[in-house]
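Take a walk through this model, one contact at a time. Keep the sequence and the structure side by side.

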Amino acid sequence: MGYRVKLTDYAIRQMQDIVSYISKVLLVPDVALGWSDKIKNEIADLSYLPSRFPFVEDEP
């Protein structure tokens, strides 16, 4: 059984902004998609390996 990983609204917005920037400003949508897939996989892995990164108590 894994842990539940919660993302803040701020974190979700940041990821969306990054994907949009890579896709629309840098004009490399394939890289944006690859980055998005990679970050989603890393977040999913946290449910089984939560100590990989430090816990953040408060939103910025």
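How many salt bridges does the count come to? The count comes to one salt bridge. Keep in mind that this is a predicted model.

The pair is Glu 42 with Lys 38. Their closest N and O atoms are 3.1 Å apart. Side chains of opposite charge can pair when their charged atoms come close. Both residues lie in helix α2, four residues apart, so about one helical turn separates Glu 42 from Lys 38.

Now turn to how the helices pack. Two packed helices are described by the angle between their axes and the distance between the axes. Here helix α1 spans residues 9-25 and helix α2 spans residues 29-45. Their axes come within 7 Å and cross at roughly 155 degrees. Angles over 145 degrees count as roughly antiparallel, and α1 and α2 are therefore roughly antiparallel to each other. The crossing of α1 and α2 is right-handed.

Which residues meet there? From α1 come Met 15, Ile 18, Val 19, Ile 22 and Ser 23. From α2 come Pro 29, Val 31, Ala 32, Trp 35, Ser 36, Ile 39 and Ile 43. By class, the contact of α1 with α2 has ten nonpolar residues and two polar ones. No charged residue takes part in this contact.

Move on past α2. Ser 47 sits in the segment after this helix. Is Ser 47 buried or exposed? Its relative accessibility is 13%, so Ser 47 counts as buried; the cut-off for buried is under 20%. What does Ser 47 touch, leaving aside its neighbours within four places in sequence? Ser 47 is in contact with Gly 2, Tyr 3 and Val 5.

Terms used: Residues numbered from 1 in each chain as written. Predicted model: local features only at pLDDT ≥ 70, side-chain atom pairs only at ≥ 80, totals over all residues. Heavy atoms only, no water. Axes fitted to C-alpha atoms, helices over the stretch in contact; angles between N-to-C directions. Helix = DSSP H or I, 4+ residues; strand = E, 2+ residues; numbered from the N terminus. Parallel < 35°, antiparallel > 145°, perpendicular 65-115°, else oblique. Left-handed = near helix turned anticlockwise from the far one by under 90°. Contact = heavy atoms within 4.5 Å. Nonpolar A, V, L, I, M, F, W, Y, C, P; charged D, E, K, R; others polar. Buried < 20%, exposed > 50% of the residue type's maximum accessible area, 1.4 Å probe, protein only. Salt bridge = Lys/Arg side-chain N within 4 Å of Asp/Glu carboxyl O.
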